[in-house]
Amino acid sequence: MKIKTVLKATGGLALALSAFYLVISHDYDDPVEPVLPADKSGDKKRNPYIVPNGETMVSAHRSGAGIAPENTLRAFRNCVESDSFFTDVFEFDLHLTEDGELILLHDDTFDRTSNAKEAFGKAGVLPKEKTYEELYKLNMGEHFETADGKTPYAGLRGDQIPDDLHVMRLRDIFTYLAPFKNYRFIIELKDGGDRGRRAADKLYETLSEFGLLKRAVIGTFHGEISRYMSEKYPDMLRSASVREVCGFYFSSLFGIHHKPGHYRFAALQIPYDDHVFNLGTARLVNYAHKNNIAVQYWTINKPEKVRHLIRIGADAIMSDLPDMVYSVLRGKA
């Protein structure tokens with residue numbers, strides 16, 4: 001083996017070990033890193049998802065899964081028509097059906113949230129195996145539990161199922177929201193491969209139709225779909241892929257300077273804790289803002305974690321309990 005090859009290998013290993021040491025020895029509470037003031041300039045290129053400090057946006061995760069059946073029209077109504085709390089951003093997930101409709105669903109199957117096993121006579125039915133019309137007969141509130149353990153929608157079948165507890169298409173949600181305020185969206189594409197590319201095409205078409213391209217940030221765990229969106233739809237805002245998040249984390253750790261436009265994503269949509277890397281630090285948020293990138297955290301259901309993320313300048317907090325996040329932001333919890 002050539003000496004140069006050996007040096008490259010050992011140098012890379014040393015860098016990796018150094019980075020690992022910095023990670024495990026870093027103070028996870030990040031107590032000394034000040035939160036830098038947000039840029040309030042009128043630059044049109046400034047990321048609109050970066051908010052002024054103290055104005056963290058409330059995002060309803062799965063459209064508010066902790067207080068209504070997730071990803072249903074009822075969940076949206078629960079947030080939009082509430083007199084007690086306010087929602088800025090709706091987060092939800094999309095799958096492509098057999099007949100090419102984009103529907104809201106988090107899991108790969110309908111088993112956890114609906115009566116799909118009974119309706120289809122087997123478990124594990126995938127969205128791609130059924131048409132929207134076939135899926136519409138499901139009760140998407142079948143297994144929803146209230147805070148006191150009640151299941152108010154269990155057992156509803158046929159005409160008993162309210163319109164807002166059926167499987168919802170993306171266009172149905174946008175049509176409902178059209179008369180209301182300018183809500184923003186965090187949307188995750190669940191399909192990968194060719195179906196994922198078709199889903200991205202359909203999503204772009206629908207966002208364009210409703211004039212929402214600049215009000216939605218699109219995420220996916222499929223790297224090939226992230227690349228596809230960047231290449232074919234550069235005007236569709238997207239979040240960082242898993243690989244991009246890892247690279248960004250280490251760049252922030254070492255304070256690496258990049259030229260404007262280096263990053264092709266508009267937002268980091270990331271967890272706060274319970275992972276190898278602690279992503280909930282002011283250092284990371286400051287570095288992101290310097291690079292014109294918004295930082296949006298999921299899934300935060302405890303008030304003390306909400307308070308921490310507000311303190312470090314988070315741009316949005318995704319929670320199953322948007323009412324709780326709103327209360328913390330207003331100093332009521």
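## A pair of packed helices

Helices H6 and H7 lie oblique to each other. The model is a predicted one. In it, the axes of H6 (residues 193-209) and H7 (residues 223-232) come within 10 Å and cross at roughly 40°. An angle under 35 degrees would have counted as roughly parallel, and one from 65 to 115 as roughly perpendicular; the crossing at roughly 40° is therefore classed as oblique. The crossing in which H6 passes H7 is right-handed.

Residues from both helices form this meeting. H6 supplies Gly193, Gly196, Arg197, Ala200 and Asp201, and these meet Glu224, Ile225, Tyr228, Met229 and Lys232 of H7.

## Overall architecture

The protein chain contains 11 helices and 8 strands. Of its 333 residues, 51% are buried. Among contacts with a separation of 6 or more, 67% are between residues 24 or more positions apart.

## Nonpolar cores

The largest nonpolar core holds 68 residues. Within this core, the residues that touch the most other members are Phe90, Phe92, Phe185, Leu268 and Tyr297.

Phe185 illustrates such a position. When neighbours within four places in sequence are left aside, Phe185 is in contact with the aromatic residues Tyr49, Phe90, Phe92 and Phe174, as well as with Val89, Leu177, Leu212, Arg215, Ala216 and Val217. There is also a second, separate core of 13 residues, which includes Val89, Leu237, Ala266 and Ala294.

## Helix H10 and its surroundings

Helix H10 spans residues 303-311, and its residues Val306, His308, Leu309 and Ile310 are buried. The elements that cover these buried residues include strand S7 (294-298), strand S8 (316-319) and helix H11 (322-329). After H10 comes Gly313, which has a positive phi, near 90°.

## Cysteines

What is the count of disulfides in this model? The count comes to 0, the criterion being a pair of cysteine sulfur atoms within 2.5 Å.

Note on methods: Residues are numbered from 1 along each chain as its sequence is written. This is a predicted model: local features need pLDDT of at least 70, side-chain atom pairs count only at pLDDT 80 or more; totals for chains, interfaces and linings use all residues. Side-chain values use heavy atoms; hydrogens and water are left out. A nonpolar core is a set of buried Ala, Val, Leu, Ile, Met, Phe, Trp, Tyr and Cys residues joined through side-chain atoms within 4.5 Å. Buried means under 20% relative accessible area, exposed over 50%, partly exposed in between (1.4 Å probe, protein chains only). Contact means heavy atoms within 4.5 Å. Axes are lines fitted to C-alpha atoms, for helices over the stretch in contact, and angles run from 0 to 180 degrees between N-to-C directions. Helices (H or I, at least four residues) and strands (E, at least two) are DSSP runs, numbered from the N terminus. Angles under 35 degrees count as roughly parallel, over 145 as roughly antiparallel, 65 to 115 as roughly perpendicular and the rest as oblique. A crossing is left-handed if the near helix is turned anticlockwise from the far one by less than a right angle, and right-handed if clockwise.
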